[in-house]
Amino acid sequence: MRTALVTGANRGIGLAIAAGLNRLDGIKVLLASRYADDGEKAAKVVAGNAVAVQLDLSTLESCRRQVKNIVD
């Protein structure tokens with residue numbers, strides 16, 4: 001299964017992109033958002049293979065942590 005990481009996926013264009021990717025076969029969609037609660041709400045809207053990921057792109061620590069989690 002392929003994995004797509006969509007940043008800013010809790011609203012607007014990011015949410016629309018995540019929903020579109022979720023309609024494709026064989027793709028796990030990671031919905032990245034700064035706040036975990038927002039990501040969880042968005043993942044429920046998108047449903048399917050959507051998984052919320054808390055990711056703050058403004059901090060290197062958050063990026064490193066999530067890259068490690070995704071790869072593992």
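Ala47 is partly exposed, with a relative accessible area of 36%; the classes are buried under 20%, exposed over 50% and partly exposed in between, for a 1.4 Å probe and protein chains only. The structure is a predicted model, in which local features need pLDDT of at least 70 and side-chain atom pairs count only at pLDDT 80 or more, whereas totals for chains, interfaces and linings use all residues. Residues are numbered from 1 along each chain as its sequence is written, and side-chain values use heavy atoms, with hydrogens and water left out.

The loop that holds Ala47 runs between α2 (36-46) and β3; helices (H or I, at least four residues) and strands (E, at least two) are DSSP runs numbered from the N terminus. Although not a glycine, Ala47 has a positive phi, near 60°.

Asp56 is located in the loop between β3 (50-54) and α3 (60-71). With a relative accessible area of 16%, Asp56 is buried. Its side chain forms a polar contact of 2.6 Å with that of Ser58 (a pair of N or O atoms within 3.5 Å; within protein, one must be able to donate a hydrogen and the other to accept it, and residues adjacent in sequence count only if both atoms are side-chain atoms). Beyond the neighbours within four places in sequence, Asp56 contacts Arg34, Ser62 and Cys63, contact meaning heavy atoms within 4.5 Å.

Six bridges link strand β1 (residues 2-7) to strand β2 (residues 27-33) in the parallel sense, pairing requiring at least two DSSP bridges between the strands. Arg2 has Ile27 of β2 as its bridge partner. Together with helix α1 (residues 12-22), β1 and β2 make a right-handed β-α-β unit: with the strands pointing away from the viewer, the path from the first strand over the helix to the second runs clockwise.
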